[in-house]
Amino acid sequence: MPSQLNPLVLDLYFRSPGGELATAYFAELPEFAARMQHEWPRYGVTDYVGSHEEGSEIEWEDEALNDDAVRVVQAVQSFASQHPAASPEQVQALLTALVTSGQVSLSGDADDVLNVKWAMEDVHLVSLGLHLAHPDIFVPYGFKSMEVPSLHQELLQIAAAFDIALPAVAAKNDTLGRWLYLGQFSAALQEFRQRHDLTVAGLLAVLYHFGPAYVACEPRDELPAPRHAWLLVGGGEQDGDYGFLEEISPEHVTHWQGSLDMQRGDVCVMYIRSPVKEIHSLLRVVEDAYVDPFFHYKHAVQIGGIVRVPRVPFQALKADAVFGASTHIGRNLQGTSGQMLSAAEYNAVLQMLAERGLDLSSVPHLPEQAEVDLADLANERDVELQLVEPLLHRLGLTENDWVRQLPVRMGRGERNYPDYAIGVTGTHPEQRVHALIEVKYRASGDLAWKDAFYQAKSYGLRLGAQALLLAAADGVRLYQRHQDDFIFERGEPSDWRDLHDDNLLQMKRLLMPRR
């Protein structure tokens, strides 16, 4: 994660030639029609500043924005100027009316009016119109381009480095809710502007010129070993996926529809549906998957490091004893992009590649899962060290995510100690946790499980936990908070030997703290 922003660094930036040029560039934003580069602020300002550097080969020439784009911006600006936006409620009302009223005409055609689908597709233009109408309220959204489906991951990195509290993204099917993200995004950026006493142009210079350079210069470690393997599927010939994958280099990073559970370092098996039906390549996840409010599929993942492998046709996959029995084959690899492959399925793919001549030392392997002999567990601490903590690591948590033996004040100053508290925030009496784990040496029947459950529940309700995990040598039980309570009968029991990669997703979703 990028290091936190030092205010002195920000001051030095504005005093630098680049900072002055970037600020001047955005000060001319109201004259958007005269400069087509304003349509894509993430790139326009970079080219503008770069063209003024000594010895630069970048040629800069102002070109007028095309008429269709100008029409969109002006229509939005005109509509927004007639509506107040001084409060969060007014902002939400304006954004809703903008895409539902049918009054924002984009051409002479009576049916050509702005709706939520087009607003999200053209968010760079629509947000510019909103900004021109209310520059102290709305921020142009430029983390999108024609070449790259989403730059939202870069925004997340900048927000983390600059301590900007971005809002949560609405559910995939809540299209209007995802559109309203623009208002909340703008409010978060305006709060940052006020905190650092920036002008509007200065805010945009930080967001689109200084910010990307700041997070890009942070050193990145090599990709970690993969925890999981995933199936990605490329579309038909009309989508251009096959040709695109044939052209890119191992250094190229692109975006794909994925799963929100994909983590940096994970390995992806790319299958192409057309013009051939076959495994095409292996790639790596280069950034944790994220939720993009304005990306059609919502869950986007950055992948790179492509390794082209011997092609494995669909019929060979179907005939394989392991992969052929998978649900992916059962669905003919339709609608399966972004689904996890079990370790056995991924190893089956590697075996088929090896049979076709691939040197397996050149591709990533999943970690071997050591089998624990339950007879070797002598006490509760053995359960923690040999079962619980390895499980947490498999879920993607680190020691920084949990506190062992967290003191909790219960009753008249009594202190209790939940075995593991995940995602601890605040201090007494406002201390909260995301999830708790209660560990026992043995829990051989319902009576023992109930004893552990009620102990964990008392801590969980006191600390606002959203999930509880009970763990013993005999297995685990997972509980999710429902209607502000935990119900014993709703626990999901599992044997340790049944906890494989393909059935850990629910546990990960419940236990992983919000980062």
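1. A helix crossing is termed right-handed if the near helix is turned clockwise from the far one by less than a right angle. In this predicted model, the crossing of helices H4 and H5 is right-handed.

2. Helix H4 spans residues 67-81 and helix H5 residues 88-100; their axes lie 11 Å apart, and the packing angle is about 135°. The two helices are therefore oblique to each other. On the H4 side the contact is formed by Val76, Phe79 and Ala80, and on the H5 side by Leu94, Ala97 and Leu98. By class, this contact comprises six nonpolar residues, with no polar and no charged ones.

3. Helix H1 (residues 7-15) and helix H2 (residues 17-27) have axes that come within 4 Å and cross at roughly 75°. This makes H1 roughly perpendicular to H2. The contact of H1 with H2 divides into four nonpolar, three polar and two charged residues.

4. The largest nonpolar core holds 69 residues, of which Leu98, Leu130 and Trp179 touch the most other members. Helix H11 (residues 200-216) supplies the largest share of this core, ten residues. Leu98 also belongs to the contact of H4 with H5.

5. Leaving aside residues up to four places away in sequence, Trp179 touches Leu95, Leu98, Val99, Val116, Ala119, Met120, Val123, Val126 and Phe294.

Notes: Residues numbered from 1 in each chain as written. Predicted model: local features only at pLDDT ≥ 70, side-chain atom pairs only at ≥ 80, totals over all residues. Heavy atoms only, no water. Axes fitted to C-alpha atoms, helices over the stretch in contact; angles between N-to-C directions. Parallel < 35°, antiparallel > 145°, perpendicular 65-115°, else oblique. Contact = heavy atoms within 4.5 Å. Nonpolar A, V, L, I, M, F, W, Y, C, P; charged D, E, K, R; others polar. Core = buried A, V, L, I, M, F, W, Y, C linked by side-chain atoms within 4.5 Å. Buried < 20%, exposed > 50% of the residue type's maximum accessible area, 1.4 Å probe, protein only.
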